[in-house]
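Hi everyone, thanks for coming. Let me put the structure up, and then I'll walk you through a few places in it.

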Amino acid sequence: MSQEFTEQPQNKPCTGLEHLPLQYIYAMVFAVEEINRSSGLLPGVKLGYRIHDSCALHPWSTQAALSLVAGENSVCSAAGNNTDWAGTGTGKGVPLIIGGSSSKTAIILSRVLGPLSVPLMSYQSSCPCLSDRRQYPNFFRTIPSDIFQAKAFAQMAVRFKWTWIGAVIADNDYGYVAVKVFEEEIRGAGICLAFVETLQRQKIVSDSARAALAIQASSAKVILVFSWYTDVRELFVQLAKLNVTDRQFLASEAWSTSVDLLQNPATAIVAAGVVGVAIRSAAIPGFETFLRGLHPAERPHDGLLRQLWEMEFGCSPAASNLQSNGSSESNGPSQIASLPICSGSESLQKVDNHFTDISQLRVTYNVYLSVYAAANALHNLLSCPDAAAENKSCLKSAAGINPAEVLEHLGKLNFTTPQNEIFYFQGADIPAKYDLINWQKSPNGQMKVVLIGRVNGFDLALNESAIQWSAGFHQVPTSVCSKSCPPGTRKANRKGEPLCCFDCIPCADGEINNITGSLYCDRCPPEFWSNDNRTACLPRQLDFLAFNETLGITLTTVAVSGTVVTTVVFVIFLHYRHTPLVRANNSELSFLLLLSLKLCFLCSLLFIGRPSVWACRCQQAAFGISFVLSVSCLQVKTIVVLAAFRSARPGGETLMKWFGPHQQRGSVCVFSSVQIIICSIWLSLDPPVPRPDLDLPGLRVTLKCAMSSVVGFSLVLGYIGLLACTCLILAFLARKLPDNFNEAKLITFSMLIFCAVWVAFVPAYVSSPGKYSNAVEIFAILASSYGLLFCIFAPKCFIILLRPERNTKKHLMAR
């Protein structure tokens, strides 16, 4: 194309006649004639019109608009480039233009006409950008902005819980703006776009093939399509080749009511059950009668009607009726010479095509509204200021109407349409109204459009029971990347993937979630624990070392057995108390040691059973005092052995005076009194109390004697350890003293066992959970008690009962 602007651009010739655009034209004609017959709207004023066919070419649209503004003497008219059909009116410039069948055309025309203050009213331009009054102050439209249908689709996605949606859009502002608005609406609603594929008109086959492969590969079952119907037709063809038949399509108004798609064989295969937004439909009373009553004989100057007649009936109207202006022939070569003359009986009464079909007047109704909006603005402009107050009909002269005044009154417009609807502009827009439609198969197998709801502004009214989904059923399809996490689990986002794709992770122990699709689990209160399904918090059951459980029975049996054995040994020693073996090592200390060991065995029973306040106080005190008493007896015995042998040396005669029976009893009392004092202070200041151990996990919580401070318990154990170590050292020193029965050897071995048990007890006690810490302490008590009992008294009982010949003074004194 030449860029020197010295000649007209060479565009392809505009040929053919399309039924729907022709219906739009005659809707305008019908509205003008209806207004001219009205006595209430513009009385005494007749509206005229001029119609130009731009053939959807932007240069032709601009040229036609300038021609209309300039008037019939304009030099902008170029024969052969457009159809110029003068209906009624003069050749003066028009004060308002209805046009801009696409958003791009409307943008161009609005920018061109803006400086001239000529209003432009579009019936089909839906780009949200045209709502900008700073850029397009002279633009108005009777079709809602695309923002509202994108928001309607977002509401549907939320309503039907579609969280994983694919999008196929036109590679222009129509598609990009729509998907942008959709993404803004679904943000924060847990909905994600699986993919966004674009369709470019120049590469529609390859783009459709690519988009079809993306749809096939994606797990998204709901596909949002914002594109022109011709693009969608090719997309359906490609999907049919891939046998993709299980997708639910959401249709924008650009193709939701396309008859070509409804009749396309590929549509029935891949797109049954389409749910879409459509330009609202309304009835126009008398319009069908008007269309079917059109005849060239009554409109001899109507070149478009002549072409319709030639196309529909294959004949040319009578020569006397061919008075149309010559420029109309530019819409195609004349067929008069090749077509027979019509008989005159031809009529549109029985013709059924898109032109005569008024079942769904959508864009046609927008054209009709545009004419009425323009007429009411003119009516307000021409009305006398005081006519309404005096209830009179008064109109100013219509001569020399200024387009800027029409523009001003359009902005303040508010009237009731013949359909009894309130009409007004909000800036450039009217209140958004859409129909929600569904493609359903009729009994004869044909696809039909069924009304299932409406959109009014931001409100969506939908009859879900009337919808037939893609599978042919009434069950809502599921479209998710990941199924909602059931109760008892929480969502964990996958790294590098959208938020809608996640894994379901079970709640941790002690946490629950009773909500589907939750991001978090809630921790149960300390007194409760989660059930197995992690859906409810159950009261924690108290657990303790009971007498009737296996471990309790075992430990009780061992403790009672130890008590019985100790009693038997006590009886044996009592019976043989006068023998040398019993008397040799201070029989009084031996009986006291046996009594303390019996107390050691019995105190272990305090650790079994349900803890109570007094049980918690007595168990540690009884344990500490009993063992101190036992170790004290052994320590005094060891000291006596050392003192006896030291006194046999020269100069040591007086040593035994300090370790007589009274001193021995006093030493035991002193050693034991220290432990009694420690326990008394501990129990009076900070005694153990029964308390559930809520820090441990599990439904069963251990009821145990809790120590708020371990200082007291540490002092008790520490003092026992101090005495035991001292006794071990003294016994170790006396182990090799000459004697046939040196008790120090037995004490050494018993103290080794005692110390080993209690050294191992500390880490085992700390690491044992719940009631098993009590079992560990009981085991340590029993093990150390049995160690002392058998190491000290078993050899003596063996001699007393089985080797009585060795139980003599002579044998004991032998070296």
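Start with V455, which stands opposite L460 in β15. The two strands here are β14 (residues 447–456) and β15, and they run antiparallel, joined by 4 bridges. For pairing, I'm asking that DSSP finds at least two bridges between two strands. Helices (H or I, at least four residues) and strands (E, at least two) are DSSP runs, numbered from the N terminus. Together β14 and β15 make a hairpin with 2 residues between them, and G457 in the turn has a positive phi of about 70°. Strand β15 (residues 459–462) has two faces: L460 and L462 are on the covered one, D459 and A461 on the uncovered one.

A quick word on where this comes from. It is a predicted model, with residues numbered from 1 along each chain as its sequence is written. Local features need pLDDT of at least 70, side-chain atom pairs count only at pLDDT 80 or more, totals for chains, interfaces and linings use all residues, and side-chain values use heavy atoms, with hydrogens and water left out.

Now the overall picture. The chain has 22 helices and 24 strands. Of its 815 residues, 50% are buried, where buried means under 20% relative accessible area, exposed means over 50%, and partly exposed is in between (1.4 Å probe, protein chains only). Taking contacts with a separation of 6 or more, 70% come from residues 24 or more positions apart; a contact is heavy atoms within 4.5 Å. The chain exposes about 38600 Å², and carbon and sulfur atoms supply 58% of that. Those areas come from the Shrake-Rupley method with a 1.4 Å probe, and for residues only the protein chains shown count as cover.

One is open, with 3 strands in the order β3-β4-β5 and parallel pairing. Its edge strands are β3 (97–98) and β5 (139–141), each pairing on one side only. Helix α3 (residues 103–113) packs on this sheet and touches β3, β4 and β5, and its direction makes about 165° with that of β4. Axes here are lines fitted to C-alpha atoms, for helices over the stretch in contact, and angles run from 0 to 180 degrees between N-to-C directions. Between β3 and strand β4 (residues 120–122) there are 2 bridges, and I97 has L120 as its bridge partner in β4.

The other open sheet has 3 strands in the order β22-β24-β23, and its pairing is mixed. At the edges stand β22 (541–543) and β23 (689–692), each with a single partner strand, so one side of each has no neighbour in the sheet. The twist averages 35° from one strand to the next. β22 pairs with strand β24 (residues 700–706) in the parallel sense over 3 bridges, with T702 in β24 as the bridge partner of D543.

On to the nonpolar cores. By that I mean a set of buried Ala, Val, Leu, Ile, Met, Phe, Trp, Tyr and Cys residues joined through side-chain atoms within 4.5 Å. In soluble globular proteins, nonpolar side chains tend to be buried together. Which residues touch the most other members of the largest core? Among its 64 residues, they are F573, F623, M751, F754, W758 and F793. Helix α21 (772–802) is one of the elements giving two or more residues to this core, and α21 gives the most, with 14 residues. Leaving out residues up to four places away in sequence, W758 touches F623, F627, L717, A780, I781 and S784. There is also a second, separate core of 62 residues, which includes F290, C342, L378 and L413.

In α16 (residues 587–603) we find S596, which counts as buried because its relative accessibility is 0%. Beyond its neighbours within four places in sequence, S596 is in contact with S626, L629 and S630. In α18, the buried residues include Q664, W682 and L683.

Most residues other than glycine have a negative phi. L42 has a positive phi of about 55°, and sits in the loop between α1 (19–37) and β1 (49–53). Is L42 buried or exposed? L42 is buried, at a relative accessible area of 1%. N243 has a positive phi of about 60°, and N243 counts as exposed because its relative accessibility is 58%.
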